[in-house]
Amino acid sequence: MLECPAADDIFVINVKFRVIICRPCQHAIRRDQVEAHLVSTVHRFCRSWAQQIQAVVQQWNPVDEPPTVDRWPIAIDHRIPHIPVYDDGLLYSICERYICRQIKGLKNHWRLEHGFTPASHRGRPRQGQQQEIRDAIAQHQRQVLCQQLFPHGPGSHYIQAAGSTGATQPNRRRRDPDAVDQLIEEVRGYQRQDREAQRTVIQAGDLDEATPWLNRTGWIRYLQGIPRDPLFNSTARPSDEGTEGIEGAAWAIWQAMHRLATVS
Ligand SMILES: [Zn+2]
Ligand SMILES: [Zn+2]
């Protein structure tokens, strides 16, 4: 019979934020929701396991219930473990308090928190004003790393995490298209040379190319890494003119090998 998993295999406490994080789901869970979360379609635990784990988690400290969201820092000098880090956070640099991942969020924040009201119309801003908002937002945003503890509701706002996205560094050098093309061409050149070299050196396990005889002797292992041309030259039929000296010995060996190869 299967055993109920240990609570800390599934959940982990974040001491700084005093919340419980579900490891597989990679987000925080309110402690009073642990049982419901485990029996939900996300985990499909049986009720008794979920209750056992809930009872264990109930003893964990420090956990705030409910989470004390208004005491949470806006930015942290580290990254919250066990939850994802997004590199597309947009920080509104006027107040340095608000991060979202879609420009729409910044517009709403500008309107709701910084008192944007259309000067002459109620409701939808006019064409020119919309452009004005877009410009103001574009000027006052900075791309940051961010993390989100709860998937929705209280505590689901984004928190700025340590590190740089490298996406909007000021005065970032524009890449010179000529230099890049040149570099790409150089790399391609090296790749071509490499392929040429590969082609003229015998690879171990070139079995589809090997004769049955080579397969049987297993010599392909020993031939690995030897350049192909000198090897082919060495298999050329020696002169059978004289039967003395090196050439004579080579001829005798060649004949013997030829017979062996023919027999096999
Ligand atoms: Zn979960
Ligand atoms: Zn603000």
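**Exercise 1.** How many bridges join strand 1 to strand 2, and do the two run parallel or antiparallel?

*Solution.* The model is predicted, so local features need pLDDT of at least 70 and side-chain atom pairs count only at pLDDT 80 or more, while totals for chains, interfaces and linings use all residues. Residues are numbered from 1 along each chain as written, chains are lettered from A and ligands numbered from 1 in the order written, and side-chain values use heavy atoms, without hydrogens and water.

Step 1: strands are DSSP runs of E, at least two residues, and helices runs of H or I, at least four, numbered from the N terminus; two strands pair if DSSP finds at least two bridges between them.
Step 2: four bridges join strand 1 to strand 2 (residues 19-22), and the two run antiparallel.
Step 3: Val12 has Ile21 of strand 2 as its bridge partner.

**Exercise 2.** Identify the protein donors of the zinc ion (ligand 1).

*Solution.* Step 1: donors are N, O and S atoms within 2.8 Å of the metal (3.2 Å for Na, K and Ca); water is not among the atoms, so sites may look incomplete.
Step 1: the protein donors are Cys22 (SG), Cys25 (SG), His37 (NE2) and His43 (NE2), at 2.0 to 2.2 Å from the zinc ion.
Step 2: their sequence spacing is C-x2-C-x11-H-x5-H.
Step 3: Cys22 lies in strand 2 and His37 in helix 2 (residues 34-39), so this pair ties together parts 15 residues apart in sequence.
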